[in-house]
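Subject: Structure handover

Hello,

Please load it before reading on.

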Amino acid sequence: MGLLQNFISLILPPRCIKCGKVLDGHNGLCAECFGKIDFISAPMCYCCGRPFDSAAHIKYNAKQCCANCLKKKRHLFVMQRSAFIYNDESKNMILDLKFRDKTFAAPVLANMLFAAGRDIWEQKPDLIVPVPIHYLRMLKRRYNQSALLVKYLSPRAGVMADYTSLIRHENTIPQVQLSGEARRKNLTTAFMVKYPQNIKGKKIVLIDDVATTGSTLNECAKVLHRAGAKAVYSITLARTEK
Ligand SMILES: [Zn+2]
Ligand SMILES: [Zn+2]
């Protein structure tokens, strides 16, 4: 954000990041919009963060993992968390940040990431890394929405940010235009660790806006592991239910 925009945001009253209504407080969402967002809270899978159907987990303990995670032999992520469910109500907040230059929402959304990542901060990670976008798309859009979130999240969490070690070296077709298998293929060669010395032996938190199939995050985690990362975590704003 430029100096002028910073100044404007100081003199203007805070607005709801979803509907634009003027707010009394600084929490970023009006009561009505807050009620419409499906925030993810316990009980959830301690590993992948998938919300549990509470009735089915009466004897729930806070560190329980879902059947899917228990089955897996190899875990790309120690832990994954998301702030809310991706649906028609939450979609706009994300698209606004991504394509409509509503960057004033970033500090509010970064706070949501911080809250969602509570269990992860307890693990004392070393670095926060945004999922990168290719520089050509960056030129067009002028900013990477995930890096913008990290800019506010890093000081909040007290964890250093690394914007340069993980890069996207092919201009892949936007993932939203593809289906499952095609998405995975589109990404296979897309990510690379440019500075492995910054990654080696580190506990890394990957940040992205949405996790749908999880293939983007998975590919990033794979290259981070190959570069010697000690552990990889992820926090996204939204996730699809599954
Ligand atoms: Zn609102
Ligand atoms: Zn799970």
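Below are the notes on this structure, from the overall numbers down to single residues.

The model is predicted, so local features need pLDDT of at least 70, side-chain atom pairs count only at pLDDT 80 or more, and totals for chains, interfaces and linings use all residues. Residues are numbered from 1 along each chain as its sequence is written, chains are lettered from A and ligands numbered from 1 in the order in which they are written, and side-chain values use heavy atoms, with hydrogens and water left out.

**Overall**

The protein has 11 helices and 7 strands. These are DSSP runs, numbered from the N terminus: helices are H or I with at least four residues, strands are E with at least two. Of the 242 residues, 47% are buried. Buried means under 20% relative accessible area, exposed over 50%, and partly exposed in between, with a 1.4 Å probe and protein chains only.

The accessible surface is about 13,100 Å². Carbon and sulfur atoms own 56% of that surface. Areas come from the Shrake-Rupley method with a 1.4 Å probe, and for residues only the protein chains shown count as cover.

Take the contacts with a separation of 6 or more: 72% of them are between residues 24 or more positions apart. A contact means heavy atoms within 4.5 Å.

**Zinc sites**

Start with the zinc ion (ligand 1). Its protein donors are the SG atoms of Cys-16, Cys-19, Cys-30 and Cys-33, lying 2.3 Å from the ion. Donors are N, O and S atoms within 2.8 Å of the metal (3.2 Å for Na, K and Ca); water is not among the atoms, so sites may look incomplete. Along the chain, the spacing of these donors is C-x2-C-x10-C-x2-C. Cys-16 and Cys-30 are 14 residues apart, both in the loop between helix H1 (3–11) and H2.

Why is the arrangement around the zinc ion (ligand 1) tetrahedral? Because its 4 donor atoms subtend angles of 100 to 117°. Four donors count as tetrahedral if all angles lie between 85 and 135 degrees. The ideal angle for four tetrahedral donors is 109.5 degrees.

Cys-16 is buried, with a relative accessible area of 1%. Cys-30 is buried too, at 4%.

Now the zinc ion (ligand 2). Here the protein donors are Cys-45, Cys-48, Cys-66 and Cys-69, through SG, lying 2.3 Å from the ion. The spacing reads C-x2-C-x17-C-x2-C. This site is tetrahedral, with angles of 105 to 116° among the 4 donor atoms. Cys-45 and Cys-48 are both buried. Cys-45 has 0% relative accessibility.

**Disulfide**

The count is 1 disulfide, a disulfide being a pair of cysteine sulfur atoms within 2.5 Å. It joins Cys-47 to Cys-65, S to S 2.0 Å. The link is right-handed, with 65° about the S-S bond. Cys-47 and Cys-65 are 18 residues apart, both in the loop between helix H2 (31–36) and helix H3 (67–71).

Are these two cysteines buried or exposed? Cys-47 is buried, at 15% relative accessible area. Cys-65 is buried, at 16%.

**Cores**

The largest nonpolar core has 47 residues. Such a core is a set of buried Ala, Val, Leu, Ile, Met, Phe, Trp, Tyr and Cys residues joined through side-chain atoms within 4.5 Å. Phe-84, Leu-109 and Ile-207 have the most contacts inside this core. Elements that each supply at least two residues include strand S1 (79–85), helix H5 (106–116), helix H8 (145–157) and strand S6 (203–211). H5 gives the most, with 7 residues. Apart from this core lies another, of 21 residues, among them Val-131, Val-193, Ala-221 and Val-223.

In H5, the buried residues include Val-108, Leu-109, Met-112 and Leu-113. Their cover includes S1, H4, H6, H8, S6 and S7.

Leu-153 lies in helix H8. Leu-153 is buried, with a relative accessible area of 0%. Neighbours within four places aside, Leu-153 is in contact with Ala-110, Leu-113, Phe-114, Trp-121, Ile-128 and Ile-207. Leu-153 and Ile-128 are 25 residues apart in sequence and 8.6 Å apart in space, C-alpha to C-alpha. Ile-207 touches residues including Leu-113, Val-129, Leu-149 and Ile-235.

Best regards

How values were computed
Tetrahedral: all angles 85-135°; square planar, octahedral: opposite > 155°, others 65-115°.
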